[in-house]
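Please look at the sequence and the structure shown here before reading on.

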Amino acid sequence: AIAKIESLNNIPTYQPIIPRPAPTHTASIQPSNEPLKVTVPIVRRLQGTPVVRVSFSHANRVRTYEMILDTGASRTLITRRMANELGVVATGQMVAATASQAQVTFDVGRGDAISIESISLTDAPVSIGESVNVGLLGNDFLRGYDLSIQTRLGVVELLEAR
């Protein structure tokens with residue numbers, strides 16, 4: 001199969017689609033048939049949006065970063081500094097619409113795993129942002145979980161949707 005890619009000069013280019021297994025969520029085994037529930041502290045807020053600690057592993061490196069919990073982002077975005085520290089290399093580019101600009105081109109790469117507590121997304125695609133100071137944890141990670149922001153308690157709760 002072939003995918004149409006919009007290039008920077010708006011001339012469509014085509015490249016083959018290379019099949020890749022989809023990223024998978026893993027979670028620690030629950031003692032019963034209850035859905036997995038993880039409670040994560042909100043470490044601070046940026047313009048009212050919760051920031052949580054997220055662990056990344058790639059190429060035998062493990063780092064924890066503060067990231068904005070962004071339910072409006074379709075994919076996780078890491079900063080260039082994060083990519084460099086983890087050894088994540090760009091394997092392509094994508095054009096995406098953002099809230100602040102009509103279209104932005106991002107480098108894309110893959111990390112071995114993104115984790116919060118006992119929830120992990122393996123073989124995780126990430127966008128790499130050039131002009132961001134903090135990463136965004138997007139719906140590629142949050143998919144499959146009901147999200148509850150409990151402001152009074154200062155936590156975010158992820159409940160496995162079944």
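Where pLDDT is low, the predicted coordinates should not be read in detail.

Strand 10 covers residues 104-116, and it is largely enclosed by the rest of the structure, because 10 of its 13 residues are buried.

| Partner of strand 10 | Residues | Bridges |
|---|---|---|
| Strand 6 | 49-58 | three bridges |
| Strand 9 | 92-96 | five bridges |
| Strand 11 | 119-129 | nine bridges |

Individual residues mark these pairings: Phe106 in strand 10 has Met94 opposite it, while Ile116 has Ile119 in strand 11 as its bridge partner. Strand 10 and strand 11 form a hairpin with two residues between them, and Glu117 in that turn has a positive phi of about 50°.

Ser115 lies in strand 10, where Ser55 stands opposite it. Is Ser115 buried or exposed? With a relative accessible area of 17%, Ser115 counts as buried, because this value falls under the 20% limit. Leaving aside residues up to four places away in sequence, Ser115 touches Val54, Ser55, Ser120 and Phe141, and its side chain makes a polar contact of 2.6 Å with the side chain of Ser120.

How values were computed: Residues are numbered from 1 along each chain as its sequence is written. This is a predicted model: local features need pLDDT of at least 70, side-chain atom pairs count only at pLDDT 80 or more; totals for chains, interfaces and linings use all residues. Side-chain values use heavy atoms; hydrogens and water are left out. Helices (H or I, at least four residues) and strands (E, at least two) are DSSP runs, numbered from the N terminus. Buried means under 20% relative accessible area, exposed over 50%, partly exposed in between (1.4 Å probe, protein chains only). A polar contact is a pair of N or O atoms within 3.5 Å; within protein, one must be able to donate a hydrogen and the other to accept it, and residues adjacent in sequence count only if both atoms are side-chain atoms. Contact means heavy atoms within 4.5 Å. Two strands pair if DSSP finds at least two bridges between them.
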